[in-house]
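Q: Could we go through this model together, beginning with the interface and then moving inward?

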Amino acid sequence: MSVIQTALKIRSPSAFDVERIRADFPILKLTVNDKPLVYLDNAASSQMPQQVIDRLVRYQTTQHANINRAVHHLSEVATSEFEEARRKLQRFINANEEREVIFTSGTTDAINLVMHGYGRKFIGAGDEIILTTLEHHSNIVPWQMLAEEKGAKIRVVPINDAGELLIDEYEKLFNERTKFVGVMHVSNALGTINPVKEMIAFAHARGVPVLVDGAQAAPHMKVDVQDLDCDFYAFSGHKLCGPTGIGILYGRAALLENMQPFKGGGDMILSVAFEKTIYNTIPHKFEAGTPPIAAAIGLGAAVDYLSEIGMDAIAAHELALLEYATEQINSMPGVRIIGTAEHKAAVLSFAVDGVHPHDIGTLLNQEGIAVRTGHHCAQPVMQRLHVPATSRASFAFYNSMDEVDALIAGIHTVQKIFT
Amino acid sequence: MANYKSLYQEVILDHNKKPRNYGTIEHPSHHAVGHNPLCGDHITVDIVLGERIDNIAFEGESCAICKASASMMTTAIKGKTRAEAETLIQEFLAMATGKLSHDACPNIGRLAVFAGVSDLPTRVKCAILPWHTLHGAFNAVATTSTEAEEDPMHAPIGDA
């Protein structure tokens, strides 16, 4: 047992029992290549606890029908469970009103909704959109599409070698043409936690709305959209112990009401005639068609599960994992951590001298260890830091110190094979 | 289940460490650049083709599987006719993508060490990139384009 591991147990004797938590996740009992699975690809997708699986089974077994339609029993149950899930998500991010919580298919869909619904209406020729070097492609490409369509311009906040945004440079980018800011809360490639609250305050002082991509933050820390004072906050269910195909867009009600719908169809209308269609109120205006009902209800169960453990306890355990893993890797000759921001979430990108990330990924997989290798859909970050790709271990609250040890042993094995 | 260890055996590790025919040729008769869109890796292949492949060289940043595959490709191809080389390309692609076992590839020889890659769908592209690039270099004569059409390289493997 490591020093930190011991310290953690002393610090929190009963608060965080990782073994008890692990028992909730059936997939963690798997073996891969005859080794116990060590799942360290949580930034790509997290695993699902039995409580969420059971909730999905209960919905499909006893509650399923289409929502907002019929007067029959099942439709009423499904509608009420779906709206209850919306309230759970509202509480989870402390949104002021439940109609500010829109179900989307994921973070990408949520950002595209804002681009189409807000951007295409309010951003025009010569206007400027501020993004950052750290952004995931999903918070770059939609804005490039808008810029191309409207003749708008994208300005990019640079980073330092540690992977931190240069806030002075961010502030210098503002001018009278600045119409929008898009920034990720936590970097998926490096783990950097960005000072979004301060960035939002600066933008708001100049009347500029801010979208926060919270895909990597919502699973790992307490998110309070009112405290952040953000205008939009987007995140995904499947990184949050929920199902795939579901995500959330939080939007300030006043903004949502003035936005145009992104998708047309059923549910998003009050009345349809060929002469004129009246759109529904928010959030329904943005939820055309039958939504992923089961997935939304599953996500509601997932945030219940996380809230019961406590986001602060989750953040504390993950920080302990990060600190221990960082200390171990820093003591290994020939291994370098990519992304050394002062404030980091439990994402550890690293490079091993003389070994390509894909070879590291395959050889760690041989040891049952799942990491991500590649550019992490953040090619501008890779270009800025002059690395073609990295290997990335990303932790969740159900990871243990023993799994950090397994990762370290795995990297030693890789180095031995390549010397 | 794949025996991953068989993929990283001595011969592959050796070619990765000391790649043969590494570099560029000053006046190649054929040249192509191959990209692996999954990881951004790229290699170049230069050839001097007369009646036979008189010289061949490759260069680029890539993983061990790709580099060893390129290195062993150059040693296997040098001195062969273009037709023989094309046959070997087809055999290698068929073996690496799991369409043929290495026993069913009469010319494959020592390149059979790459048979295990067919069990690793995300690594198949690494092994076949050099062969794809060689194929592109040959075809540049006729088509002046190395943009491939029906190649397993272009199988969609996402990188979200």
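This is a predicted model: local features need pLDDT of at least 70, side-chain atom pairs count only at pLDDT 80 or more; totals for chains, interfaces and linings use all residues.

Q: How many residues are in contact between chain B and chain A?
A: On chain B there are 20 residues in contact with 15 residues of chain A, where contact means heavy atoms within 4.5 Å. About 1600 Å² is buried between the two chains, and carbon and sulfur atoms give 54% of that area. Buried area here is the accessible area (1.4 Å probe) that two parts lose on being put together, summed over both.

Q: And which side chains meet in a salt bridge there?
A: The rule finds one salt bridge across this interface, and R123(B) and D359(A) form it, at 2.9 Å from N to O. The rule asks for a side-chain nitrogen of Lys or Arg within 4 Å of a carboxyl oxygen of Asp or Glu.

Q: Which helices of chain B supply residues to the side that touches chain A?
A: Helix 1 (4–7), helix 2 (10–17), helix 3 (64–77) and helix 5 (121–143) of chain B each supply at least two residues. Helix 2 of chain B has the largest share, three residues. Helices (H or I, at least four residues) and strands (E, at least two) are DSSP runs, numbered from the N terminus.

Q: What is the make-up of that side of chain B?
A: It divides into 13 nonpolar, two polar and five charged residues. In this scheme Ala, Val, Leu, Ile, Met, Phe, Trp, Tyr, Cys and Pro count as nonpolar, Asp, Glu, Lys and Arg as charged, and the others, Gly among them, as polar.

Q: Staying with chain B, what is its pattern along the sequence?
A: Chain B has five helices and three strands, in the order α-α-β-β-β-α-α-α. Of its 160 residues, 49% count as buried; buried means under 20% relative accessible area, exposed over 50%, and partly exposed in between (1.4 Å probe, protein chains only).

Q: Where does V117(B) lie?
A: V117(B) is in the loop between helix 4 (82–96) and helix 5 of chain B. V117(B) is buried, with a relative accessible area of 0%. Beyond its neighbours within four places in sequence, V117(B) is in contact with L7(B), I65(B), A96(B), R123(B), V124(B) and A127(B). R123(B) is also the residue that forms the salt bridge with D359(A).

Q: Changing topic: which residues touch the most other members of the largest nonpolar core?
A: They are Y170(A), V181(A), Y233(A), L306(A) and F397(A), in a core of 82 residues. Helix 11 (residues 293–309) of chain A gives the most to this core, with 12 residues. A nonpolar core is a set of buried Ala, Val, Leu, Ile, Met, Phe, Trp, Tyr and Cys residues joined through side-chain atoms within 4.5 Å.

Q: What does the second core include?
A: This separate core has 74 residues, F58(B), L93(B), M95(B) and L120(B) among them.

Q: Back to charges: how many salt bridges are there over all chains?
A: The count is 27. In one of them E128(A) pairs with R155(A), the closest N and O atoms being 3.0 Å apart. E128(A) is buried at 7% relative accessibility, whereas R155(A) is partly exposed at 23%.

Q: Which residues does I129(A) touch?
A: I129(A), also in strand 5 (residues 128–132) of chain A, is in contact with residues including W143(A), R155(A) and F180(A). I129(A) is buried, at 0% relative accessible area.

Q: And how far apart are E86(B) and R82(B) in helix 4 of chain B?
A: They are four residues apart, so about one helical turn separates them, and their side chains meet in a salt bridge (3.3 Å, N to O).

Terms used: Residues are numbered from 1 along each chain as its sequence is written. Chains are lettered from A and ligands numbered from 1 in the order in which they are written. Side-chain values use heavy atoms; hydrogens and water are left out.
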